[in-house]
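Here is a briefing on the structure shown below. Please keep it in view while reading.

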2 protein chains.
Amino acid sequence: MADKDCRATLIAVATPLFAEKGFHGVSVRELAKSAGMNLSMISYYFGGKEALYAAVLNEQFATLRQVPEIRNMETDPLVKLELYVRSTVARYRKQPYLLRFYTSELTNPTPCFETIIKPAIRGVLHALRETVVEGLSNGQFLQGLDPMDTALALVGMINFYFLLEPVTAELVHRSPDRDEVLIRHLMDIFTKGVLK
Amino acid sequence: MADKDCRATLIAVATPLFAEKGFHGVSVRELAKSAGMNLSMISYYFGGKEALYAAVLNEQFATLRQVPEIRNMETDPLVKLELYVRSTVARYRKQPYLLRFYTSELTNPTPCFETIIKPAIRGVLHALRETVVEGLSNGQFLQGLDPMDTALALVGMINFYFLLEPVTAELVHRSPDRDEVLIRHLMDIFTKGVLK
């Protein structure tokens, strides 16, 4: 295998293991065995378990780091906020382990929390906050709205939905366009709640 | 110590340990040592580590099981929903480990998920859903609102806020009445979003 492929294989193998057992629950031996590689390969490619875990988190949080790009778009603040909601839905559907890393780093942080998770989430919150401020400045949103709490309300609505999916699976109507229906319902409540 | 006190001590000692290390990360030996008790006491009082963990979760989720009582109150649906929000804030402030158990059981369930966590959360969601239906029936809420998604929007707004606190600590204005301000902001957005 080329170096690039070895790195990618180790990240792919490590992702579900770290997600299920946590950083401390996985040994270098288990990682090497699952990847079908020699123990020393983890040191060779990553320098150790910590750095492999950081590489996994960097990959998991990569699309979150793209969210702030909504600020550069020439469009309505509500369209930008809906784009964030849509990208969040797409992210969870594509990355089945993301929520585990997200919640475990928030409730039981490793050193990666400060270096990877916190900056990524802050970037999102700042971008959403700025978008709310834009809606306030152009007179579209209700004066008196707190920009950060408004951003947090939207973030909470959509993210917590995915956390509760193991409970709600049988409570919500599962149609092929369920995600689209959900986005509509949440955006309708949010939009009506913030407009002037 | 009386039997009741021994049980309470074991639960109190086990709560932070299970919260920080997860069910699999804590040994019976460690639990006994931390409680200053003989190893056999855990079997004697609980029958094993699984039952002690279940006792911890039962205690943590006890107040969540009281939420459905809002259905019996003779008051406005919006008042009931705000009561849920207030009880949620109070719960997280009083129980610093609750969020860890909540998120770890939702993302990496143990057998307790089906017996304790899922029924407790379902009870809350059913009660909130019914309250939204009540607001629709009396013509107060906007027709066309999906009752379950509306309940989930409110649940997400307030619960995810606490999950993000390690990130937002420096981003939101910390006043002594911060929780009250937050409740007001979220309820204002939600109320305006659902009213007719």
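Where do B:Arg86 and B:Glu82 lie, and how many residues apart are they? Both lie in helix 5 (residues 77-94) of chain B, four residues apart, about one turn of the helix. Helices (H or I, at least four residues) and strands (E, at least two) are DSSP runs, numbered from the N terminus.

This is a predicted model, in which local features need pLDDT of at least 70 and side-chain atom pairs count only at pLDDT 80 or more, while totals for chains, interfaces and linings use all residues. Residues are numbered from 1 along each chain as its sequence is written, chains are lettered from A and ligands numbered from 1 in the order in which they are written, and side-chain values use heavy atoms, with hydrogens and water left out.

**Chain A overall**

- Chain A has ten helices and zero strands.
- Along the sequence, the pattern of chain A reads α-α-α-α-α-α-α-α-α-α.
- A box of roughly 60 × 35 × 30 Å, taken along the principal axes, holds the C-alpha atoms of chain A.
- Of the 196 residues in chain A, 54% are buried. Buried means under 20% relative accessible area, exposed over 50%, and partly exposed in between (1.4 Å probe, protein chains only).
- Among the contacts in chain A with a separation of 6 or more, 69% join residues 24 or more positions apart. Contact means heavy atoms within 4.5 Å.

**The interface between chain B and chain A**

- The size of an interface is often given as the accessible area lost when the parts come together.
- Here the buried area between chain B and chain A is about 4,200 Å². Carbon and sulfur atoms give 70% of that area. Buried area is the accessible area (1.4 Å probe) that two parts lose on being put together, summed over both.
- In chain B, B:Phe160, B:Ile189 and B:Lys192 lose the most area to chain A, together 15% of what that side buries.
- The contact involves 47 residues of chain B and 47 residues of chain A.
- Between the two chains, 19 residue pairs are in polar contact (both at pLDDT 80 or more). A polar contact is a pair of N or O atoms within 3.5 Å; within protein, one must be able to donate a hydrogen and the other to accept it, and residues adjacent in sequence count only if both atoms are side-chain atoms.
- On the side of chain B that touches chain A, at least two residues each come from helix 1 (3-25), helix 6 (98-107), helix 7 (112-137), helix 8 (147-163), helix 9 (165-168) and helix 10 (178-194) of chain B.
- Helix 8 of chain B gives the largest share of that side, twelve residues.
- By class, the side of chain B that touches chain A has 27 nonpolar, ten polar and ten charged residues. Ala, Val, Leu, Ile, Met, Phe, Trp, Tyr, Cys and Pro count as nonpolar, Asp, Glu, Lys and Arg as charged, and the others, Gly among them, as polar.

**Salt bridges**

- The structure holds 30 salt bridges over all chains. Six of the salt bridges are between chain B and chain A. A salt bridge is a side-chain nitrogen of Lys or Arg within 4 Å of a carboxyl oxygen of Asp or Glu.
- A:Lys118 pairs with B:Glu170, the closest N and O atoms being 3.4 Å apart. This pair crosses between chains, from helix 7 (residues 112-137) of chain A to the loop between helix 9 and helix 10 of chain B.
- A:Lys118 counts as buried, at 10% relative accessibility. B:Glu170 counts as exposed, at 56%.
- B:Glu170 also meets A:Arg122 in a salt bridge (3.1 Å, N to O). A:Arg122 lies in helix 7 of chain A and B:Glu170 in the loop between helix 9 and helix 10 of chain B, so the pair joins two chains.
- B:Arg86 and B:Glu82 form a salt bridge, with the closest N and O atoms 3.0 Å apart. B:Arg86 is partly exposed at 28% relative accessible area, whereas B:Glu82 is buried at 18%.
- In chain A, a network of salt bridges links A:Glu82, A:Arg86, A:Glu180, A:Arg184 and A:Asp188.

**Single positions**

- A:Thr88 sits in helix 5 (residues 77-94) of chain A. A:Thr88 is buried, with a relative accessible area of 1%. Leaving aside its neighbours within four places in sequence, A:Thr88 is in contact with A:Ile158 and A:Asn159.
- B:Ser104 lies in helix 6 of chain B and is partly exposed at 30% relative accessibility. The C-alpha atoms of B:Ser104 and B:Phe23 are separated by 9.7 Å, with the two residues 81 apart along the chain.
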